[in-house]
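Dear colleague,

I am passing on the structure we spoke about, together with some notes on what was found in it.

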Amino acid sequence: MTPGKMGEARRQSVALLRRNLTSNGILAASRTPAAEARRYTRVFGRDAAICALGMALSGEPDLLDGARAGLVALGRHQADNGQIPKYIDPENAETDFWYVGCIDATLWWLIAVEFLGSHGAPDLSEELAPRIERALAWLHCQEHPQLRLLQQNEASDWADIMPRSGFVLYTNALWYRVKRLYGLPGAEATRFHFNHLFFPFSRDRPDYRRLRLMTDYVLDGARRSDLYLSFVNFSFWGEEGDVFGNLLAVLFGLAAEGPAGRVLDALAAEPVDTPLPVRAICTPIAPDAPLWRPYMDRHGQNRPWQYHNGGAWPFIGGFWVAALAAHGHREAARDALDRLIAANARASWAFNEWFHGQTGEPMGMPGQSWNAAMLLLACHALQEPVF
């Protein structure tokens, strides 16, 4: 990794984010006829919030202001019950909350609001105080009152054509982070039950009998793994290896030092960064598997090694670099960043949405804002921890 290569990555990332910036925040992707047809030229709740992290770390005042504008615009379109929308189209007054809801947009929005205030932006907590309160209240209503974990329908987070439901690893890693950032009660109970439910292979047995029964189903039928389960529902669960969820568990402190090393070693052994950093899951769900759903074949998009079902997503690669660096794997982090830069630089810095998980073929929509933002975050993570 040369300083020149990192400098070029930073310049290209900042340039793309500026191209995709509007007065109401950052678009998910650059404007093209294809992007318009697929509604990528909207301000998405989760995308804009994740982008806000890299935009805040960029040191560029216009990007910081743009990140702030996006969070404010999303807040203006908050539902009466407190939910932040999946996306907004301010130009056409369109607001969308997805088929079965979009739980992580609200979680990422809260994380980004706090992150901007900690990284040079004027504090949004006072301006958005009523909206923050409603967002937290809405999430609290999704929380199991004894397990202190969020519950959700399937296909209702970023992996919105995947069959995760009940208690979902990725969502609850975000929930723990929100609890810590906002000083909410029960954070340690969330962490305790998170580790018992999503990694039930330790010798400890949970006290709550219904949690014990859920984990008994897993222990009777699951393969032993060093990764957290992607989700746990009543008598069924996910063993596909959710890379993003496992990385967030490591980055947000849900995994103690020993388990964090175990998770990173397991992901590296897959290896999830082959052919590119990184695949969304370790083992794709096959069409004849019990967890396969008809909607996964919509547009032929989510077949094995594609899209959420094993495709390689550069924006998740930014979290991979950050996790490796935060846990002392400096050489591996530098190598991952080098390969992440190369992935985004393909086709004259196309910043392609995702790549085939086996062949590395570019797929999806080019000009992805969160690829650029997470490349900035990855570069920063080599200098100091982000979370």
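A salt bridge is counted here where a side-chain nitrogen of Lys or Arg lies within 4 Å of a carboxyl oxygen of Asp or Glu. Please keep in mind that this is a predicted model, in which local features need a pLDDT of at least 70 and side-chain atom pairs count only at pLDDT 80 or more, while totals for chains, interfaces and linings use all residues. Residues are numbered from 1 along each chain as its sequence is written, and side-chain values use heavy atoms, with hydrogens and water left out.

By that rule, 24 salt bridges are found in the whole structure. One of them joins Arg11 to Glu8, with 2.9 Å between the closest N and O atoms. These two residues are about one helical turn apart, because they stand three residues from each other in helix α1 (residues 3–19); helices are DSSP runs of H or I with at least four residues, strands are runs of E with at least two, and both are numbered from the N terminus. Arg11 is exposed at 53% relative accessible area, whereas Glu8 is partly exposed at 27% (buried is under 20%, exposed over 50%, and partly exposed in between, with a 1.4 Å probe and protein chains only).

Another salt bridge, at 3.7 Å from N to O, is made by the side chains of Glu94 and Arg39. This pair links distant parts of the chain, since Glu94 belongs to strand β5 (residues 94–96) and Arg39 to the loop between α2 (33–37) and β3 (43–44), 55 residues apart. Both Glu94 and Arg39 also belong to a network of salt bridges that includes Arg31, Glu36, Arg42, Asp89 and Glu91.

The side chains of Arg164 and Asp242 likewise meet in a salt bridge, 3.7 Å from N to O.

The largest pocket has a volume of about 640 Å³, where a volume is the space filled by probe spheres set on the grid points, which are joined across faces, edges and corners. It is lined by 26 residues, and those closest to its centre are Arg38, Lys86, Trp98, Asp160 and Tyr307.

The second largest pocket holds about 270 Å³. Among its 14 lining residues, Phe192, Asn195, His196, Leu254 and Pro259 are nearest the centre, and helix α8 supplies the largest share of the lining, five residues.

There is one cavity of 30 Å³ or more, and its lining residues include His196, Phe199, Asp204 and Leu219.

With best wishes

Note on methods:
On a 1 Å grid over the protein atoms alone, a cavity is a set of points where a 1.4 Å probe fits but cannot get out, and a pocket is an open set with protein on both sides within 12 Å along at least five of seven lines; lining residues have an atom within 4 Å of a point.
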